[in-house]
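Here is a short walk through one model, written for someone who likes to know the cut-offs behind each term. Have the viewer open and follow along.

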Amino acid sequence: MKKKLLNFIMTVWARLTFRGTPSPECWVFSSVHNRAFNYNSCYLFCYVKEHCPGIHPYYVTEDPAVYRELAGRYGEEFLIDTSTLAGIRKVLSCQVWFTSTAPPLYGVGFRKKYRIYNLWHGIPLKTIGMEQKNLSPVTRAYYRYFFADNYTGVLTTSSRLVPLMSRSFLVEPERVRVWGQPRCDCLFEKADAQKVLREIFQDKIPEGNGETRRETDAAQKAPAAVPDFDKAVLYAPTFRDHGETRLFPFPEFDGGNGRERLEAFLKEHRMFLCIRMHLYDRTAYGWLAEMDHPGSRVRFLNEDRVEDVMEALGCFDLLITDYSSIYLDFLLTGRPMIFLPYDRGEYLADRGLNFDYDQVTPGPKPENFAEFLRWLGALTEGEDPWAEERARVRRFFHEVEGPCCGKICRMVEKEIAEIR
């Protein structure tokens with residue numbers, strides 16, 4: 001909160017003393033707390049930098065480590081640090097701002113002079129923004145004047161979601177743009193699962209000459225980081241506020257030989273299983289940590305290995321989840337999924353959904369471990385009774401069924417031209 005207040009105070013002063021005219025050829029991108037390089041913002045930034053020579057993109061980060069990393073990757077001329085007055089003035093000199101969360105600067109009345117687009121960071125399966133329970137009048141006023149009133153547009157993926165996005169973001173329906181999500185563009189590219197996953201999990205071989213030769217030779221003789229596989233599966237459960245997430249939530253898994261049965265099944269079917277836990281969950285599973293080693297068919301795929309799971313999502317042949325909206329992106333691949341909503345009553349009472357769960361989750365919901373393994377094998381081998389249902393749900397949530405970054409850039413440029 002202190003950083004937000006400081007940003008607001010500095011922005012007020014910068015606006016009072018800024019004498020320039022915002023450039024429509026300069027676009028700003030930001031994400032969580034002006035610190036993270038993630039979500040839709042980073043994907044659209046990269047697209048503009050590579051494909052739009054007439055536009056100069058800037059990415060906002062106040063995190064020194066992220067700034068150094070991005071400076072090495074893209075160059076400092078494409079970065080802005082809004083913890084400084086100079087950085088805030090630089091943002092004010094750019095007419096177009098994109099965010100995946102809140103705008104890069106805190107203030108009111110920006111929409112009169114700037115084009116601010118909220119790309120958001122996913123399809124709202126769960127309640128978001130003003131649709132959440134028990135929001136105070138102060139929170140609603142804060143959200144309206146500092147965020148909602150500043151947005152030129154809020155992006156979504158389907159016209160069926162326009163009323164929901166309008167209510168959630170306190171914007172008129174005409175300010176909701178059905179332009180898609182930049183982060184999903186990678187799902188339309190052919191992904192080589194073997195190559196991508198081996199690069200992610202590849203053990204580093206020591207560099208050097210004579211002094212490290214024996215160490216290098218030992219590393220080269222070590223087991224392959226990733227075993228040979230025919231099918232790759234991602235298990236991505238949701239973080240729970242009310243307790244630990246249960247992996248493989250079946251009594252016979254916890255109380256029997258579930259781990260051994262899982263390992264044998266994966267080996268028999270030549271599968272490679274990646275489990276992506278939330279940052280706060282991943283230290284709670286000693287048995288899984290023991291399996292997370294080179295050569296194992298079960299590995300963690302957390303933020304320390306892939307910060308943004310979208311970088312690898314297109315590699316997988318099947319997705320296992322519960323309430324994570326990641327499956328709504330995965331729908332674009334046309335591939336099957338399994339749902340494990342073992343605590344549905346408790347979770348949905350705590351965190352409401354915008355849709356009937358059973359109507360929008362096109363896949364089996366096994367109630368025991370044997371049934372889970374049966375569907376895991378059947379779905380990856382071609383038996384797919386949910387194919388038509390998945391196509392229906394996909395059509396409901398996705399009207400943009402192809403790369404959208406180029407379209408977004410063209411539409412923004414068109415809107416700028418119309419107001420000149």
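## The contacts of N34

The side chain of N34 makes a polar contact with the side chain of T82, at 3.1 Å. A polar contact here is a pair of N or O atoms within 3.5 Å; within protein, one must be able to donate a hydrogen and the other to accept it, and residues adjacent in sequence count only if both atoms are side-chain atoms. A polar atom of the N34 side chain also lies 2.7 Å from the backbone oxygen of P104.

This is a predicted model, with local features needing pLDDT of at least 70 and side-chain atom pairs counting only at pLDDT 80 or more, while totals for chains, interfaces and linings use all residues. Residues are numbered from 1 along each chain as its sequence is written, and side-chain values use heavy atoms, leaving out hydrogens and water.

Where does N34 sit? Its place is in the loop between strand 1 (23–30) and helix 2 (39–51); helices (H or I, at least four residues) and strands (E, at least two) are DSSP runs, numbered from the N terminus. N34 counts as buried because its relative accessibility is 6%, where buried means under 20% relative accessible area, exposed over 50% and partly exposed in between (1.4 Å probe, protein chains only). Leaving aside residues up to four places away in sequence, N34 touches N7, V60, T61, E62, D63, T82, P103 and P104, with contact meaning heavy atoms within 4.5 Å.

Seven strands form an open sheet in the order 3-2-1-4-5-6-7, with parallel pairing. Strand 3 (79–80) and strand 7 stand at the edges with a single partner strand each, so one side of each has no neighbour in the sheet. Two strands pair if DSSP finds at least two bridges between them; strand 1 and strand 4 run parallel and are joined by five. In that pairing, S30 stands opposite T99 in strand 4.

## Helix 2

Buried residues in helix 2 are N40, S41, C42, Y43, L44, F45 and V48. They pack against strand 1, strand 2 (56–60), helix 3 (64–74), strand 4 (94–99), helix 12 (310–313) and helix 17 (405–419).

## Helix 6

Helix 6 (residues 162–169) is mostly covered, with six of its eight residues buried: V162, L164, M165, S166, S168 and F169. These pack against strand 5 (115–118), helix 5 (137–146), strand 6 (153–156) and strand 7 (176–178). Just after helix 6, L170 takes a positive phi of about 55°.
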